[in-house]
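Hi everyone, and thanks for having me. Could you bring the model up on the screen, please, so that we can walk through it together?

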Amino acid sequence: MELSEAQFQRYARHLILDEVGEEGQARLLRSRVLVVGAGGLGSPMLLYLAAAGVGTIGVADPDRVDITNLQRQIVHATQSVGALKVESARATLAAINPEIRVEAHPLRLGPENAEALIAEYDLVADGSDNFATRYLLTDLSYRLEKPLVAAALSPFEGQISTFRPYLGAGHPCYRCLFREPPPPDLVPRCETAGILGAVAGVLGTLQAVEVLKELLGLGESLDGTLLIYDAMRARFHSIRIGKDPECPTCGENALVSAP
Ligand SMILES: [Zn+2]
């Protein structure tokens with residue numbers, strides 16, 4: 001794949017890096033990433049992945065832009081209130097980088113539609129705000145052997161990890177860490193709990209970095225590590241995650257069919 005003159009200019013700060021270069025940029029342009037959720041995490045992720053020249057970005061979100069979203073969901077503008085989030089995001093990304101392709105999926109992912117959708121992409125980035133979607137993506141990305149870069153938020157804290165459990169021993173999945181979803185009434189969501197918007201920005205931006213590293217094969221993966229950001233104490237810390245042999249998704253006696 002030869003880069004055009006316009007691409008040489010647009011991606012000059014990537015091309016000058018030995019770790020990316022022409023080959024890496026061409027790889028990004030060929031890549032297909034599915035971002036689930038065009039909200040607080042999805043917004044900065046989408047902006048940076050588009051700017052970086054990830055060639056095809058799928059965006060899945062069933063919701064419309066609400067005025068209360070704008071405090072943190074920075075891919076959407078005031079004029080987009082009422083529009084589908086996937087269409088609002090597509091318009092913003094087209095303005096940033098018209099040469100990439102954005103595939104809008106205005107749907108709620110469920111067991112009936114998620115597998116076919118994920119199969120079309122190289123990597124899944126979870127920016128969803130609910131446990132049903134998180135566990136669905138965990139199980140399906142394992143079965144389809146797609147790296148999953150996942151983050152979660154609380155009002156002043158965030159967590160991020162990368163999951164590649166199909167690689168075998170030493171590569172846990174989200175269920176190895178948290179076996180079952182908590183009861184729904186114990187889960188505060190942004191609508192009720194509130195969140196400092198910029199905390200979502202930190203985690204969504206970290207997700208974009210980890211997605212780009214996975215696509216380029218750069219540095220150390222967060223596979224096997226949970227990175228936690230504590231905004232109040234202005235600290236990051238990380239925890240090693242082991243593979244659970246009893247894990248219902250990726251363990252030895254898993255219920256989900258092995259890849
Ligand atoms: Zn597991």
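First, some ground rules. This is a predicted model, where local features need pLDDT of at least 70 and side-chain atom pairs count only at pLDDT 80 or more, while totals for chains, interfaces and linings use all residues. Residues are numbered from 1 along each chain as its sequence is written, and side-chain values use heavy atoms, with hydrogens and water left out.

Let's start with the sheet. Two strands pair if DSSP finds at least two bridges between them. Here, eight strands make an open sheet with mixed pairing, in the order β3-β2-β1-β4-β5-β6-β7-β8. At the edges sit β3, residues 101-105, and β8, each of which pairs on one side only. On average, neighbouring strands are turned by 15° against each other, direction ignored.

β5 (residues 148-154) and β6 (residues 157-163) are antiparallel and share seven bridges; A151, for example, has I160 as its bridge partner in β6. Next, β6 pairs with β7 over four bridges, again in the antiparallel sense. Then six bridges join β7 to β8, which also run antiparallel. Please find D230 on your screens. D230 is the partner of E157 in β7, and D230 also has a bridge partner in β8, namely R235.

How covered is β7? Six of its six residues are buried, where buried means under 20% relative accessible area, exposed means over 50%, and partly exposed is in between (1.4 Å probe, protein chains only). T225, L227 and Y229 point one way from the strand, L226, I228 and D230 point the other way, and all are buried.

Let's move to a helix, α7, which covers residues 131-143 and holds T138. What does T138 touch, beyond its neighbours within four places in sequence? T138 is in contact with L148, C173, Y174, R175 and T249, contact meaning heavy atoms within 4.5 Å. T138 is buried, because its relative accessible area is 3%. A polar atom of its side chain lies 2.8 Å from the backbone oxygen of R134.

T249 lies in the segment after β8 and counts as buried because its relative accessibility is 0%. The side chains of T249 and R175 make a polar contact at 2.9 Å. A polar contact is a pair of N or O atoms within 3.5 Å; within protein, one must be able to donate a hydrogen and the other to accept it, and residues adjacent in sequence count only if both atoms are side-chain atoms.

Which atoms hold the zinc ion? Its protein donors are the SG atoms of C173, C176, C247 and C250, lying 2.3 Å from the ion. Donors are N, O and S atoms within 2.8 Å of the metal (3.2 Å for Na, K and Ca), and since water is not among the atoms, sites may look incomplete. The angles among the four donor atoms are 96 to 121°, and the site is tetrahedral; for four donors, that word requires all angles to lie between 85 and 135 degrees. Along the chain, the donors follow the spacing C-x2-C-x70-C-x2-C. C176 is in helix α8 (residues 174-177) and C250 in the segment after β8 (235-240), so this pair ties together parts that are 74 residues apart in sequence. Both C176 and C250 are buried.

Last topic: backbone angles. Most residues other than glycine have a negative phi. E145 has a positive phi near 60° and is not a glycine. E145 sits in the loop between α7 and β5, and counts as partly exposed because its relative accessibility is 43%. The other case is A234, with a positive phi near 55°, in the hairpin of β7 and β8, which has four residues between the strands. A234 counts as exposed because its relative accessibility is 63%.

Notes: Helices (H or I, at least four residues) and strands (E, at least two) are DSSP runs, numbered from the N terminus. Four donors count as tetrahedral if all angles lie between 85 and 135 degrees; four count as square planar and six as octahedral if opposite donors are over 155 degrees apart and all others between 65 and 115; anything else is irregular. Axes are lines fitted to C-alpha atoms, for helices over the stretch in contact, and angles run from 0 to 180 degrees between N-to-C directions.
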